[in-house]
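Please read them with the structure open beside you.

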Amino acid sequence: MSTLNSETNFKCDICRSEISKTIFSELSLGLDYGKHDFTLEDLKANYVVCQHCGTVSQYPLPEEDRLQRYYATSQGYLIANYKNDVYQHRVQMIKEVTSLSKGKALEIGSCKGVFLQMLHEELEIEVFGIEPSEDCCEYSEKVGIPVVKSLFENVDLENEKMVGEFDIVIAMCVLEHVKSPRAFLDKMARTVKEGGYLYIEVPSSELLSRFSTKCRFGENVNKIHLYHFTGQALAYLVNDLGFAVVHQSNSNDFDYPCLHIIARKISPSLLGEEVFLGQINIKKRKVKEIAERLMNTLQQNRNVVLWGASTELYDVICSYPELKVLTNYILVDRNPLKQGKKMLEIPIYSPEEILSRNTDCVVVTTRNKGINASIRKDVGIMLPGVKCVDM
Ligand SMILES: [Zn+2]
């Protein structure tokens with residue numbers, strides 16, 4: 001372990017800080033899956049963390065010709081079909097956060113166009129791709145998705161009429177492969193309309209704790225990943241490029257841990273107020289969805305117990321007064337301080353008080369995972385055999 005200082009030429013690509021520390025020296029990680037050229041096989045890399053933004057990068061970065069030889073022969077992208085299974089979650093996330101329902105989407109590194117196709121079907125949005133692989137481009141065009149066959153870095157945006165053209169521009173699992181994420185994102189940013197969105201997905205930095213010399217399938221840590229990001233650093237970068245982060249989350253669908261960022265291009269015509277109200281609308285839509293689901297449950301069952309006088313339930317009932325008209329449910333809470341009181345005029349019972357009643361279905365109203373699990377356990381003991389669902 002050694003400490004690099006400003007005498008070396010290290011400069012963080014994301015935040016420009018020169019303060020860094022070497023966290024791994026001469027580490028030879030595994031490579032991407034699939035067939036590939038072996039020029040990178042012997043690559044031993046140093047990994048440096050930027051002390052300012054937390055971005056980890058290989059240092060020095062591999063030579064350009066080595067990378068190009070690798071990508072020219074790698075077929076990892078072709079066997080990555082399991083990715084289709086994780087796309088649905090992404091499509092829903094974009095739909096919820098952006099509310100886009102028309103306009104144009106561009107995906108950089110669009111592969112065979114599977115994600116764009118799903119986005120087109122769900123959002124009724126026009127879709128376009130940029131993709132260097134010949135085979136992938138052919139496939140995309142066969143299914144009707146227009147693609148520019150090129151590395152994004154080489155695309156002439158003016159020529160292709162892509163400047164300020166798109167409502168959303170997407171890069172999934174791309175940024176960690178490029179030598180300058182800042183330059184790449186800067187170029188991406190130019191293709192986004194004012195008020196439009198960027199969707200960025202990179203391997204989750206939670207993985208860094210699992211750094212080892214072996215690459216395990218699905219872990220996303222391998223030597224072809226030149227950078228490992230924190231959400232904080234990416235937020236800093238998109239901010240610097242004139243965007244405001246409107247969503248940031250981690251996911252681990254199918255052992256494929258990712259960090260997701262959706263950022264909105266700030267423009268003089270888009271006031272902070274609108275960004276803020278946009279956030280509130282996301283919450284409102286979520287509450288409405290939950291309320292409709294609860295309404296359905298209440299209509300399909302005769303005697304329902306709503307378990308938990310939770311803030312979630314409070315929000316749902318406030319936003320959906322129709323729920324108060326139905327009378328086939330009672331409200332239960334394990335907290336003695338709540339028992340005997342009322343929430344929005346609905347009396348709160350203790351679990352013991354409802355044991356003799358006929359119950360067809362219990363709805364657990366909290367989304368807190370720990371509390372939810374413990375309530376389900378109690379329901380299993382106190383009301384064995386009764387159906388138990390989430391709100
Ligand atoms: Zn940095």
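**Notes on the predicted model**

1. Confidence first. The mean pLDDT of the protein is 85, and 85% of its residues reach 70 or more. This is a predicted model. Two stretches call for care. Over residues 1-7 pLDDT stays under 50, and the model has ten contacts for them beyond four places in sequence. Over residues 213-218 pLDDT also stays under 50, here with twelve contacts beyond four places in sequence. Where pLDDT is low, the predicted coordinates should not be read in detail.

2. Overall make-up. The protein has eleven helices and 17 strands. It has 391 residues, and 32% of them count as buried. Take the contacts with a separation of 6 or more: residues 24 or more positions apart account for 68% of them.

3. Four strands form an open sheet in the order 1-2-3-9, and the pairing is antiparallel. Its edge strands are strand 1 (20-27) and strand 9 (227-228), each of which pairs on one side only. Strand 9 joins strand 3 (residues 56-58) over two bridges, in the antiparallel sense. Within that pair, serine 57 has tyrosine 227 of strand 9 as its bridge partner.

4. Strands 7 and 8. Strand 7 (residues 166-172) pairs with strand 8 in the parallel sense, over six bridges. Isoleucine 168 has tyrosine 197 in strand 8 as its bridge partner. Between the two strands the chain passes through helix 6 (residues 181-190), and this β-α-β crossover is right-handed. Strand 8 itself (residues 192-203) is mostly covered, with nine of its twelve residues buried.

5. The main core. How many residues does the largest nonpolar core have? It has 60, and those with the most contacts inside it are Ala105, Val169, Ile170 and Leu198. Domain 1 (20-73) and domain 2 (78-270) both give residues to this core, so it lies between them. A second, separate core has 21 residues, including Leu294, Leu306, Ile317 and Val379. In soluble globular proteins, nonpolar side chains tend to be buried together.

6. Isoleucine 170 up close. Set aside residues up to four places away in sequence. Isoleucine 170 then touches Ala105, Leu106, Glu107, Ile108 and Tyr199. Ala105 is also among the residues with the most contacts inside the largest core.

7. Leucine 119. This residue is found in helix 4 (residues 114-123). Is leucine 119 buried or exposed? Leucine 119 is buried, because 25 other C-beta atoms lie within 10 Å, and 20 or more are enough to count as buried. Leaving aside neighbours within four places in sequence, leucine 119 is in contact with Val91, Ala105, Ile125 and Val127. Lysine 95 is 24 residues apart from leucine 119 along the chain, and their C-alpha atoms are separated by 8.8 Å.

8. Six strands make an open sheet in the order 14-15-13-12-16-17, with mixed pairing. Which strands are at the edges? They are strand 14 (342-343) and strand 17 (387-390), and each pairs on one side only. Strand 14 pairs with strand 15 (residues 346-349) in the antiparallel sense, over two bridges. In that pair, the bridge partner of lysine 342 is proline 347 of strand 15. Strands of a sheet pair through backbone hydrogen bonds, either parallel or antiparallel.

Note on methods
Residues numbered from 1 in each chain as written. Predicted model: local features only at pLDDT ≥ 70, side-chain atom pairs only at ≥ 80, totals over all residues. Pairing = 2+ DSSP bridges. Right-handed = clockwise from strand over helix to strand, strands pointing away. Contact = placed C-beta atoms within 7 Å. pLDDT = per-residue confidence, 0-100. Core = buried A, V, L, I, M, F, W, Y, C linked by C-beta atoms within 7 Å. Domains from an automatic or database assignment.
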